[in-house]
Every structure is written in structure tokens, then in C-alpha cells.
Amino acid sequence: MLRGLIICPNAELAAGLQEVLQETRQVEVVRDLDRYPENLELVRSLRAHTPDVLLLSTEEVDKALAAVQLVSEHQPDLPIVAMSTHADANVLIQLVRSGVREFLTAPFQMPVVFEALGRIEEMVAKRPPAPAEVGTIYTFLPSKQGVGTTTVAVNSATAMARLNTAGRKSLLLDMDLSSGIVGFMLKITNLHSVVEAAENAHHIDQSLWERLVTIRGNLAILHSGRLNPDFRINSAQVQGLMEFSRNRYSSVCVDISGNLERYSLEVMQESKQIFLIVTPEIPSLHLAREKLTFLQQLDLADRVSVLLNRMHRRAVVSTDQIENLLGVPVYMSFPNDYQGVHRALQAGRAVEPDSDLGKQFAVFANRTLGRKGDISKKSKSDSKKRLAEYFSILPGRG
């Protein structure tokens, strides 16, 4: 199926398009924007969702043409299908001049849509593949402090690095400037940190980068440095650092704090997937739901996957209950292995790959990098009711 990104402020027009696309079974809508995004947001959406086609409303012609121009600069091979409630000759001429070759008018007729999608499929088939060196960014966000997010990030990055072949490497970035402990956990003695990388983001080169990072096998690591809660990385620095990283590594794992600083939000905007770490404890789940609500307001909720850490057989809250409470499936759960994690910490490395926990991280890496299907279970309505009722008595923020 084609991966489609829709930009359409007209709710009725967007609904009609969604309906006809579902009937064709040829397009999977990876994101539906109900407004014309700002330039940076559009570029990030293209990077994060990697659509095969952009379906663009021409309700506001100037904004639509600006979006076409931006796409032509950043992804010139991306096909664009313009759409509107009526055909306007002047608008059609402007679209053709800007390079748009497909136009649909509501009400959408199935044969016309099929023909347009057929031409798009031919264009996509002829399009050269994306450069192999462009990597994917994954962000690890704690629901609250102490849920083991850094442990998950370190072991996930290590497991991903083990899957690399032909000289490809992975990168682990510790961008928790308030309490980052990657350097401590892995016994890294390199004094250079992500702060220096951010400060030099505009003119960083391979020579400088090699001095900043620590190499462990196929994994490069850049820790957060000394405690520096007052330092803030600006948007341009984040964008430069993420761009440099994705162009040199197959996968980039970013460990951030749960404080939702502006630069952390910028990192999440650049990410393909955001992993929200929770434990089967009421405070963690309460704050996880709060953060999901906040991320939804930023149009980031569709990138969030829940990782259940320190799960054990006698947990008071089941996986089904957690899924119902949060409204999203648990992407993966990791067993509680205090002894194994403690031994790894003493040795300054990841957990043993042949342990139960290590094997689960290997499954996680394979699934994430291989884009395997959803393995989450259906939730039970009775557990949803019981846990939802418990949370209903918690005070809200109003």
C-alpha cells in the first residue's frame, strides 16, 4: 500500500477523501493534518512518516503552493495529489506550473481516484530508493523518574547495534541534561559530551565528532556530561545534531528526561518513534496518561509506543489494564531482572544478551528495526472498567 500524508483544513473534504481511500485499499494514511503546517513541521512530518504521496487541499491556494514549493526543495520525488471542492482554472494552472500533475475534485469518483493512484504507484515504483545512510531516530521518554528509561535506552541501542552489518553503526545520545547517567552506567571516561556537540552543531565534522563519541563495538555513545540543568539546546542546534546523526548512523536512540523541556520536544518532533517507558505502578501510569494527553495536543501521540518495564508475574496491574487505561497498546514488555541489571552496571555494559531480559531486548530491536507486526493483545472490558474507576478518583489538573 502507498503511504499517504493528508493536509486538509476542510473536515468534510478530508472525511470524503478518507472514505474513498479506504474503499480503494491502496493507501494507508500515516498522518492527517487538519491545517497547513509551518515549514519545519512539514519537513519533520515528511522525515518521520516517509509518505509515498502527499494529498494536499487547495482551500487556501497560497499556503498550498508554499507547501508544494517546500516539498520540491526537500523531497522532489514525492508525488503530490491536489484536491478541492471545485475545479478552478487559475488554481489548476498554478499547480501545474509548480509541478503538480494530479488533481481530484469532490465528490470523489472511485474510477478517477483509482486512475490517479495507479499513476502515483508507477511514479513511486520508478523513484530511486532513499539513501541507505539515512537513519531513524527513536526517543525514550520516562513516564516519571525512576522507571528505568536509561536502562531501556542503553540496552535497546546495544541490541540494535548488534544487528548492524557492513560497517553500519548505531548511536546512543544522552540528552537528559538534568540527570543523565549513561556515562556513569557505561563507565565512560571521555569528558566530551552532547553539550559540546550541540554547541558545534552548525559546523561539526567527522574529525570533531570522533573526539566526542565513545565507541563500543557497533555502538557510538555520546553522554550528557556533568550536571548542567541550566543549559538549553535551541531548535537549530537540535535540528543540526539530529540531521548529522541520522546521516551517519542506521539507528539513533535518544534518552531524554521526563521534564518535557523545549529541546526534548524538538527531539521528539524529529523522531520516527517515541517510546514511553512505564512500570506497573499507579504513579507511573497516572503520569504516563498525563504525558500522552500532552503529546496528543502537539500531534505527537501517533508516534508514541508504550514500553512496560520491570514487569513481573505478581504485578497488581495487568498488561490488559494498562492498555485500557492509556488507550494505546503495550508495544513490548521487559521482565524485572534486578540482579542482571546490577551486574551490568558494575561491569559498565549492557545486560547479558543470553539472559531473559537480554533476549527480550533482542526481540525489541528486531521488531523495531524490522517493522514487524503488532503483537499486542486485545484488552478486556472488565479490567478497563476497574482500573478506569480507580483513576477517576485521582485529582485532575483542571
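Two strands are taken to pair if DSSP finds at least two bridges between them. In this predicted model, strand 8 (residues 214-216) and strand 9 are joined by three bridges and run antiparallel, with Ala-220 of strand 9 as the bridge partner of Ile-215. The two strands form a hairpin with two residues between them, and Gly-217 in the turn has a positive phi of about 65°. Strand 9 also pairs with strand 7 (residues 170-174), here in the parallel sense and over four bridges, and Ile-221 is the partner of Leu-172.

In a regular strand the side chains alternate between the two faces of the sheet. In strand 9 (residues 219-222), Leu-219 and Ile-221 point one way while Ala-220 and Leu-222 point the other way, and all are buried.

An open sheet is formed by five strands in the order 2-1-3-4-5, with parallel pairing. Strand 2 (27-33) and strand 5 (102-105) stand at the edges with a single partner strand each, so that one side of each is left without a neighbour in the sheet. From one strand to the next the twist averages 25°. Within this sheet, strand 1 (residues 2-7) is joined to strand 3 (residues 53-57) by four bridges, and Leu-5 has Leu-54 as its bridge partner in strand 3. Helix 2 (residues 39-49) lies across strand 1 and strand 2, running at about 155° to strand 2.

The largest nonpolar core comprises 49 residues, and Leu-173, Met-175 and Trp-209 have the most contacts inside it. Beyond its neighbours within four places in sequence, Met-175 is in contact with residues including Val-194, Ile-233, Leu-241 and Tyr-263. A second, separate core of 29 residues includes Tyr-138, Val-152, Ala-153 and Leu-219.

Key:
Residues numbered from 1 in each chain as written. Predicted model: local features only at pLDDT ≥ 70, side-chain atom pairs only at ≥ 80, totals over all residues. Heavy atoms only, no water. Axes fitted to C-alpha atoms, helices over the stretch in contact; angles between N-to-C directions. Contact = heavy atoms within 4.5 Å. Core = buried A, V, L, I, M, F, W, Y, C linked by side-chain atoms within 4.5 Å. Buried < 20%, exposed > 50% of the residue type's maximum accessible area, 1.4 Å probe, protein only.
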